[in-house]
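I am opening a notebook page on this structure. The entries below follow the order in which I looked things up.

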Amino acid sequence: LLAMQTAEVTVSASSVVVDPTRTTTVTVTPTGGTVETTAANGTVLSLTVPPGSVRMPTDISITPLIAYGDAPTGRLVAGIRAEPSGMFFDPPLTLTMTLPPGFEPPAFGVSGLIADDNGQHARAVSATLAGDVVTMQVPHFSLAAVTLTDDWLSECRTPASYQHTVACALLQPLYDEEVA
């Protein structure tokens, strides 16, 4: 049984840009497999399909994201558009992004997003940053991205519970004062 906490956010479809010159396609079987590509900035993007996630040989393609301008959780760090669009996976896939040398970890961490291939119906998901490697679970295709968490109140954009909502409401005036 897999439980993933998600929250829906709104994104403009026109803000998603990919690099089709770096698309990689691999036929993955029910025994699993890996699809890997490297973005123009040197980020290595590796999508691991565990055994049982596909029921028959399936061509899976990944294309690096260049821009996700309206990402609701902050500026794009790295990401992929994966196809075939609309597939769901159980168990989920693992996306590992090895960031290029010189990447400076953000003060407030990173946030993961899963969305339709045009960036719509985005859902915030957990992303783990360890050194220069970001890892996140991908339960469905088509877009998976990691963004910089750009301020200390950013986690309030997708509150996880009633208590979280109340805490964010109490912190908002402090944040507004800090920004002013």
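**Entry 1: strand pairing around β7**

I began with β6 and β7, which pair in the antiparallel sense over four bridges. The model is a predicted one, and I read every value below with that in mind.

I then went to the other pairing of β7 that I had noted. β7 and β13 are also antiparallel, with five bridges between them. Within that pairing, I80 has A144 of β13 as its bridge partner.

Is β7 enclosed or open to the outside? I counted burial along the strand: six of its eight residues are buried, so β7 is largely enclosed by the rest of the structure.

**Entry 2: T63**

I picked T63, which lies in β6, and found R81 of β7 standing opposite it. Its relative accessibility is 7%, and because the cut-off for buried is under 20%, T63 counts as buried.

Which side chain does the side chain of T63 meet in a polar contact? I found T23, at 2.7 Å. Beyond its neighbours within four places in sequence, T63 is in contact with V18, D19, P20, T23, G79, I80 and R81.

I looked next at E36 in strand β4, residues 33-38. I computed a relative accessibility of 45% for E36; buried is under 20% and exposed is over 50%, so E36 counts as partly exposed. Setting aside residues up to four places away in sequence, E36 touches T24, V44, L45, S46 and I62. I also checked E36 against T23: the two are 13 residues apart along the chain, and their C-alpha atoms are separated by 9.1 Å.

Where does β4 sit in its sheet? I traced an open sheet of five strands, in the order β4-β5-β8-β12-β11, with antiparallel pairing. β4 and β11 (127-130) are at the edges with a single partner strand each, so one side of each has no neighbour in the sheet. From one strand to the next the twist averages 20 degrees.

Inside this sheet I followed β5 (residues 44-49) to β8 (residues 88-98); they pair in the antiparallel sense over five bridges. V44, one of the residues E36 touches, has T98 in β8 as its bridge partner.

**Entry 3: nonpolar cores**

How many residues does the largest nonpolar core have? I get 29, with L47 and M136 having the most contacts inside it. At least two residues each come from β5, β6 (58-68), β7 (76-83), β8, β9 (110-115), β12 (133-140) and β13 (143-148). A second, separate core has ten residues, among them L76, L113, A115 and A122.

I listed the contacts of L47, leaving out residues up to four places away in sequence: G33, T34, V35, I60, I62, I80, L93, T94, L95, V138 and F141.

**Entry 4: whole chain**

Of its 180 residues, 42% are buried. I took the contacts between residues at least 6 apart in sequence, and 70% of them join residues at least 24 apart. The accessible surface is about 9100 Å², 56% of it on carbon and sulfur atoms.

Terms used:
Residues numbered from 1 in each chain as written. Predicted model: local features only at pLDDT ≥ 70, side-chain atom pairs only at ≥ 80, totals over all residues. Heavy atoms only, no water. Buried < 20%, exposed > 50% of the residue type's maximum accessible area, 1.4 Å probe, protein only. Contact = heavy atoms within 4.5 Å. Pairing = 2+ DSSP bridges. Axes fitted to C-alpha atoms, helices over the stretch in contact; angles between N-to-C directions. Areas by Shrake-Rupley, 256 points an atom, 1.4 Å probe, with all protein chains shown as cover. Core = buried A, V, L, I, M, F, W, Y, C linked by side-chain atoms within 4.5 Å. Polar contact = N/O pair within 3.5 Å; in protein donor to acceptor, adjacent residues only side chain to side chain.
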